[in-house]
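The entries follow in the order of the look-ups.

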Amino acid sequence: MSHTELQPTPAASAALSAAHRISVRISRAEGGGMETPCVVCLQPCASKACNCSWMHQQCAAQYLRTFGDACKVCEAKVEPAGLSKRRIDDDEAELEMKARKRAREREDAERAHNLEWAQIVAPSAAQILLRHYLYTEETTGEELAAATPLCFDSVILSLVHSGEQYLEDLSERLSDTQPPSVVDAAIRRLRSLADELTGDGIDASCASVFMHIFNQVLQRRLGPVSPEES
């Protein structure tokens with residue numbers, strides 16, 4: 001009676017082949033100083049964490065937090081302290097440090113831009129809106145001083161959407177102290193801010209700086225203010 005030889009399934013063959021390749025890599029690493037992949041991050045590793053697995057110090061700590069203090073395969077205890085560190089972490093830390101530096105530089109540049117724009121535009125904006133309330137709204141200086149303070153949104157939207165004469169007046173006032181290129185840039189940004197206010201919102205630091213200067217001008221002008229003095 002003939003016996004039929006059993007053949008392994010494709011999945012079993014693949015598993016055996018993978019196990020053989022891993023065994024070869026481990027043997028070469030132990031004998032020839034080669035690095036084998038870390039079982040956690042798959043980056044080259046020079047330290048064996050247990051009887052069967054290679055891990056970096058950081059990866060072993062992550063493994064222990066997830067699975068406990070022993071290897072799930074060989075059940076040997078894993079000690080991260082004596083393992084080699086993952087070299088790629090140094091590169092990642094450097095990249096992260098550079099990214100944070102670039103972000104700080106962008107934030108510093110944006111704050112400087114906000115301050116410069118607010119210092120140029122806010123004083124004239126305050127004078128224009130003060131005149132608007134004293135003449136158009138027939139409000140006295142005392143009434144305006146006692147009224148609820150304006151917010152950044154209302155100031156910007158009033159300047160842009162109350163009529164072209166407001167922007168023309170602003171341009172003329174800015175032209176007294178600023179070159180045409182600066183005036184044009186300031187007006188363009190004012191329009192852009194008005195669009196952003198009706199969209200995704202505006203940088204809070206820009207609004208804060210602008211309204212601080214705006215309110216300072218109003219406070220200096222208010223008090224015994226009459227229409228003849230504005």
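Helices here are DSSP runs of H or I with at least four residues, strands are runs of E with at least two, and both are numbered from the N terminus. I noted that the model is predicted, that local features need pLDDT of at least 70 and side-chain atom pairs pLDDT 80 or more, while totals for chains, interfaces and linings use all residues. Residues are numbered from 1 along each chain as its sequence is written, and side-chain values use heavy atoms, with hydrogens and water left out.

A search of the whole structure finds 4 aromatic pairs. In the pair of tyrosine 63 and phenylalanine 67 the ring centres are 4.8 Å apart and the planes stand at 45°, so I logged the pair as tilted. For the terms, rings of Phe, Tyr and Trp (its six-membered ring) pair if their centres lie within 6.5 Å, and planes under 30 degrees apart count as stacked, over 60 as edge-to-face and the rest as tilted. Tyrosine 63 is buried at a relative accessible area of 14%, whereas phenylalanine 67, at 43%, is partly exposed; buried means under 20%, exposed over 50% and partly exposed in between (1.4 Å probe, protein chains only).

Phenylalanine 210 and phenylalanine 214 form a stacked aromatic pair, with 6.1 Å from centre to centre and 20° between the planes. These two are also 4 residues apart, in helix α8 (residues 204-221), and are separated by about one helical turn. I read a relative accessible area of 0% for phenylalanine 210 and 0% for phenylalanine 214, and Trp117, Phe152, Phe210 and Phe214 form one aromatic cluster.

Which residues have the most contacts inside the largest nonpolar core? I found Trp117, Phe152, Ile156, Phe210 and Phe214, in a core of 34 residues, where a nonpolar core is a set of buried Ala, Val, Leu, Ile, Met, Phe, Trp, Tyr and Cys residues joined through side-chain atoms within 4.5 Å. Two or more residues each come from α3, α5 (152-161), α6 (164-175), α7 (180-197) and α8, and α3 gives the largest share, 10 residues. Apart from this core lies another, of 15 residues, among them Cys38, Cys45, Met55 and Cys71.

Arginine 189 lies over the face of tryptophan 117, at 5.6 Å from the ring centre (the criterion is NZ of Lys or CZ of Arg within 6 Å of the ring centre and within 35 degrees of the ring normal). Leaving aside neighbours within four places in sequence, I listed its contacts (heavy atoms within 4.5 Å) as Glu110, His113, Asn114, Trp117 and Cys206.

Leucine 42, although not a glycine, has a positive phi of about 70°; it is placed in the loop between β1 (36-37) and β2 (44-45) and is exposed at 63% relative accessibility. Glutamate 75 has a positive phi near 65°, lies in the loop between α2 and α3 (88-136), and is exposed at 64%.
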